[in-house]
Amino acid sequence: VQALLFKNNSRMSELRYVQVNNADISVAAKGKGIFFRAEKANIEIRRDDEGVVELKSSAKIDYAAHQSDVQYSLIVKKDTPVVMGSLQVKQLLPHVIEPLFFSSRYSAPLDSAISGILNYKYDMEKGSMDQLVFQLDINKGTLTYEKLAAPLPIEFIAVRGQASDNLKHINIGKLDAGFDRMRVSGEGVIQLDEEISAKGEFSLNDASAADVNLLWPPELSPVSREWVITNITKGHVPNARVQLDIKPGDFKQAVLPRESINAMITLQKGTIRYLPDHPEVVNVDAVIHIDAVSLDADLSSGHTLKNTKLSGGKVRIADLNADNPRIEVNFEAAAPATDAVHVLSLPRLNHAKRLGLRESIEGAVTAKAELAFDFYAPKDEAGNSLEPDVDYHVVTNLMNVSQQQFMDKFDISGASGTLEVQNSGLSFKGTANVNGADVSTADIKYLFHPEEGFDTFINVKAVAPVSSFKRFGYPEFPFLKGKVVVEADVSQGETHE
């Protein structure tokens with residue numbers, strides 16, 4: 001180019017001005033064929049007294065049902081290998097502009113029209129793009145990218161920034177985009193060397209919880225992604241913020257450093273399922289924090305079953321990179337006793353059939369629950385869940401609870417006290433009326449797995465009418481009338497009593 005334009009014996013060295021109107025132009029890249037063709041293009045070339053050559057071109061590119069406006073200019077100075085240029089487009093389809101500046105490694109196919117301006121500096125000796133400043137606006141369409149779970153519907157994208165070092169260093173100064181029902185904004189820096197690095201902050205606004213997976217690449221924290229999209233199925237995400245700090249060499253590590261990803265998701269009126277075969281929790285308000293190692297969710301409120309209100313909930317996955325991460329859940333609940341009985345009848349917790357608990361129970365409870373289970377439940381060869389796959393510890397305060405035929409032999413009314421349930425069994429300490437006897441002190445334990453044939457241990461103090469003895473399995477004493485004070489210490493089992 002320098003020899004053609006500036007060498008003394010070149011026929012173009014004395015060229016001052018050329019104007020071409022209504023030209024038919026085809027532009028090809030080496031090894032890529034023709035990718036730019038315009039009819040009725042206008043070209044103007046000028047050389048000033050100092051030998052600066054400036055080219056300007058404008059054209060309309062016609063497609064089957066589409067037309068784009070393109071304006072192009074470049075400046076070449078004598079004895080300088082750097083070409084400065086500008087490309088301004090209106091409604092240009094991306095497959096036209098893409099081969100000019102991007103390789104397939106860095107680009108993503110769009111079916112949306114692009115408008116904007118690119119200013120660049122190109123070093124002809126080095127064959128490198130020293131600087132590219134871009135202001136691009138993308139219309140409604142679809143982004144299809146292999147790193148995303150599905151094609152992403154675009155409402156609009158506006159991006160401002162610049163690239164340097166032959167497009168290896170990309171600085172996104174401002175990104176504002178609308179994808180279907182959500183809005184994304186942010187800024188960041190990407191370094192595309194042999195070891196890729198990225199740093200930036202991006203926010204998501206006004207999204208549906210069900211749509212978050214569209215922006216979350218499956219390869220990025222796949223376990224936390226699977227838990228979020230599988231268990232958080234409904235709700236509104238007014239804001240989600242993601243901070244990236246991926247340093248050179250991070251991708252070569254077995255797992256990303258904790259600080260490389262820092263995401264915070266705010267969920268409103270969401271629906272969460274802790275375990276696959278348990279009821280959903282609805283109307284959940286929560287804040288979910290995710291980094292490259294762990295997931296923590298704070299649930300301020302939610303509802304489940306008929307009328308159980310949850311609060312103070314927490315979900316923690318301490319090691320997202322484990323082969324089978326452990327999930328820990330705890331929460332506080334206020335519920336009618338019927339909901340509490342329903343929970344004890346659910347799979348994985350249904351160890352107390354002999355208690356004869358029924359959903360005809362009356363009263364109310366408050367509880368603090370702690371659960372822990374593996375992300376992938378253990379299975380046998382037939383694919384059935386193995387036990388125990390859930391560790392649980394629930395402390396419940398009973399308030400005026402009544403249950404007929406508890407353990408198929410006790411009619412209980414007005415029970416108040418503390419009921420504790422865990423993997424080994426349950427225990428109750430409190431007061432109640434049992435089969436007509438007023439129990440002032442009760443300490444009852446029931447083991448899910450009997451010890452030496454015994455699974456039930458009862459220690460009580462009560463005032464019992466003589467007429468109630470028979471209901472406890474004792475003989476009537478005809479010489480006794482009225483009430484007696486009873487202290488009993490009883491051990492029972494299927495084969496012992």
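Student: What makes Asp 176 buried rather than exposed?
Tutor: This is a predicted model, so the value is computed from predicted coordinates. The relative accessible area of Asp 176 is 18%. Buried means under 20%. Therefore Asp 176 counts as buried.

Student: Which residue forms a salt bridge with Asp 176?
Tutor: Arg 183 does. The closest N and O atoms are 2.7 Å apart. The cut-off is within 4 Å, so the pair qualifies.

Student: Is Arg 183 buried or partly exposed?
Tutor: Arg 183 is partly exposed, at 38%. The class runs between 20% and 50%, so 38% belongs there.

Student: Why is the contact between Asp 137 and Arg 160 called a salt bridge?
Tutor: Their side chains meet at 3.3 Å, N to O. The limit is 4 Å, so the name applies. Asp 137 lies in strand β7 (residues 128-138) and Arg 160 in strand β10 (residues 156-164), so the pair ties together parts that are 23 residues apart in sequence.

Student: What are the relative accessible areas of Asp 137 and Arg 160?
Tutor: Asp 137 has 31%. Arg 160 has 28%.

Student: How many salt bridges does a search of the whole structure find?
Tutor: It finds 16. There is also a network of salt bridges linking Lys 199, Asp 245 and Lys 247.

Student: Where is Pro 218?
Tutor: Pro 218 is in the loop between α3 (212-215) and α4 (222-231). Pro 218 is partly exposed, with a relative accessible area of 32%.

Student: Which residues does Pro 218 touch, not counting those up to four places away in sequence?
Tutor: Lys 147, Leu 148, Ala 149 and Arg 225. Contact means heavy atoms within 4.5 Å, so each of these four has an atom pair inside that limit. Pro 218 and Lys 147 are 71 residues apart in sequence, with C-alpha atoms 7.1 Å apart in space.

Conventions: Residues numbered from 1 in each chain as written. Predicted model: local features only at pLDDT ≥ 70, side-chain atom pairs only at ≥ 80, totals over all residues. Heavy atoms only, no water. Helix = DSSP H or I, 4+ residues; strand = E, 2+ residues; numbered from the N terminus. Buried < 20%, exposed > 50% of the residue type's maximum accessible area, 1.4 Å probe, protein only.
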